[in-house]
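I opened my notebook to look up a few things in this structure. My notes follow.

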Amino acid sequence: MGEYSRFIDWDKMDSTIQDQDAKELTSTEFQDLKQLARQGYWAKNHSLRAKVYHKLISDIPCRTVTPDAHVYRDIVLKIAGKRNSSSLPLPEFVDNSLVPTYCLNAEGIGAVRKIISCIASQFPDISFCPALPSVVALLLHYSKDEAECFEKVCRILACNDPSKHLIDQTFLAFESSCMTFGDLVNKYCQAAHKLMVAVSEDVLEVYSDWQRWLFGELPLTYIARVFDVFLVEGYKVLYRVALALLKFFHKVRIGQTLESDNIQQDIRTFVRDIAKSVSPERLLEKAFAIRLFSRKEIQLLQMANEKALQQKGITVKQKSIASPKRQNVHLAVHAENFKSEIVDVKKMRDIWSWIPERFALCQPLLLFTTSEHGCSLSRFYSHCEGHEPTLLLIKTTKQEVCGAYLSTDWNERKRGGGKLSYFGTGECFVFRLVPEVERYEWVIIRHPELAVAGVEQANSSSQISDPPSSTSLSSNPSDRLSPFLSARHFNLPSKAASMFMAGGVECIIIGGGDGQALYIDADLNHGRTGHCNTFNNQPLCSESFQIAIMEVWGFRDTMSN
């Protein structure tokens, strides 16, 4: 422990982190390291953790010219001089982020600023990296001197493996990661998301705090355990842990009176004091119990979010405090501009909080309504084609209100020729607003085993054609607006692969197979709902219903105008 204790105030450290149970690393195979990291094999042995970190970081593939310890020794005096390092200004790219002390002594606290200043001189391409102070402070615990810590951080920053995303270094990457996290919350933490929408005027701003929860508020013992796994498994671990934090926050807060009217601050306080309610082991257990999608699918979503931001010119952090980084649902759905015969502004904002975050940058645009355009399926198609995604709203003669978020252009139906063919992606969902609010996801996404039932249903219907193959789609996933959760990324049988939405000359269907959830006749006057596996066996409305009015909404981009 001695050679790694220079920067640590051991009086402030948890005694369980000090060298207990002297161990050696017996294997460096990925699967073994993954298991050991999750189990906390080196968590209670400071020296072993330092050696493991050195091994893992040394193995990171880097740029040909990556600053090392020798570079640090050459430049530190020129950069920091002889003045008190605790007064060194931090570069703009850390955005006045929290600089956690993590039980560092005075020398260690000063060393953090010196190392960050030297990194800024060697990485001019870094424009936004709020996680950096936390990473430097943590790695000082497991470094013999400042130069070694500098080299470790530089290797993490200089990673050139395109499949290994480690730390966001631009505002575009950071902002798209926040949007991606919001999408994941919407998918995996629906109860917590519902609470956020209810108590926050800007839920997207709450989610933009997700990295601060980890690299700032989370106590040392916890972030060290997270970092153990992060170095082995990569960026996806951070999403997992942040989702788990939000789940635990919701669990302890639900039904309680909020301590303040600032949910963003409440979550920060909860994370800072997490030791009162959740152990590090329980946090990681919860994180890895989430059946998160693959790294590839998360990368696809990240690419889609980055592209949405680029198209709107949101690539750098604005200086103005009032500058809108992203629109929240209150800004997207303007009370003075929104007019619907089915839902009011409040209900539309509820729906808007469910949609993927890259489309929350847009405002609703009415494309079709039966009260104006008549009850014609051909007119429905002509008004909706060319728009992706769309939102379908239905009000029945019994005053029931339901609808669907449809990820794919209705023009895709033409791929089936004259047959009724299914298409769409797993971002599709249906919902009910009256008599009560409920959202239903496509169950096969959560339970792949149900795909077998979907195949049986598809095979029993001679009307349904094969879904388009992945080869018929764009080869560049970022070119499609809804690549995330596209069924072709799952190992599902082809007949069930794209059974989300369908259209023909006789009807439209939202769901899959013979037991579709929502079926609307060509006259747009009648419909019926199914009670199959597709949507959790929950009825949207009456099993057979008469449509009073139907509306279709598109998504208007206003920020790039």
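I began with the contacts in this predicted model. Of those with a separation of 6 or more, 75% are between residues 24 or more positions apart.

Next I looked up the secondary structure. I found 21 helices and 12 strands in the protein.

Then I turned to burial and surface. The protein has 561 residues, and 57% of them are buried. It exposes about 23200 Å². Carbon and sulfur atoms supply 48% of that area.

I then took up the cysteines. How many disulfides does the count come to? I got 0 disulfides. I checked Cys-62 to see why. The closest cysteine sulfur to that of Cys-62 belongs to Cys-159, 6.4 Å away, which is too far for a bond. The cut-off I applied is 2.5 Å between the sulfur atoms.

Last, I looked at a helix pair. H5 covers residues 132-140 and H6 covers residues 146-157. Their axes come within 9 Å and cross at roughly 135 degrees. H5 and H6 are therefore oblique to each other. I noted the crossing as right-handed. Which residues of H5 and H6 make the contact? From H5 I listed Leu-132, Val-135, Val-136, Leu-139 and Leu-140. From H6 I listed Cys-149, Lys-152, Val-153, Ile-156 and Leu-157.

Conventions. Residues numbered from 1 in each chain as written. Predicted model: local features only at pLDDT ≥ 70, side-chain atom pairs only at ≥ 80, totals over all residues. Heavy atoms only, no water. Helix = DSSP H or I, 4+ residues; strand = E, 2+ residues; numbered from the N terminus. Buried < 20%, exposed > 50% of the residue type's maximum accessible area, 1.4 Å probe, protein only. Contact = heavy atoms within 4.5 Å. Areas by Shrake-Rupley, 256 points an atom, 1.4 Å probe, with all protein chains shown as cover. Axes fitted to C-alpha atoms, helices over the stretch in contact; angles between N-to-C directions. Parallel < 35°, antiparallel > 145°, perpendicular 65-115°, else oblique. Left-handed = near helix turned anticlockwise from the far one by under 90°.
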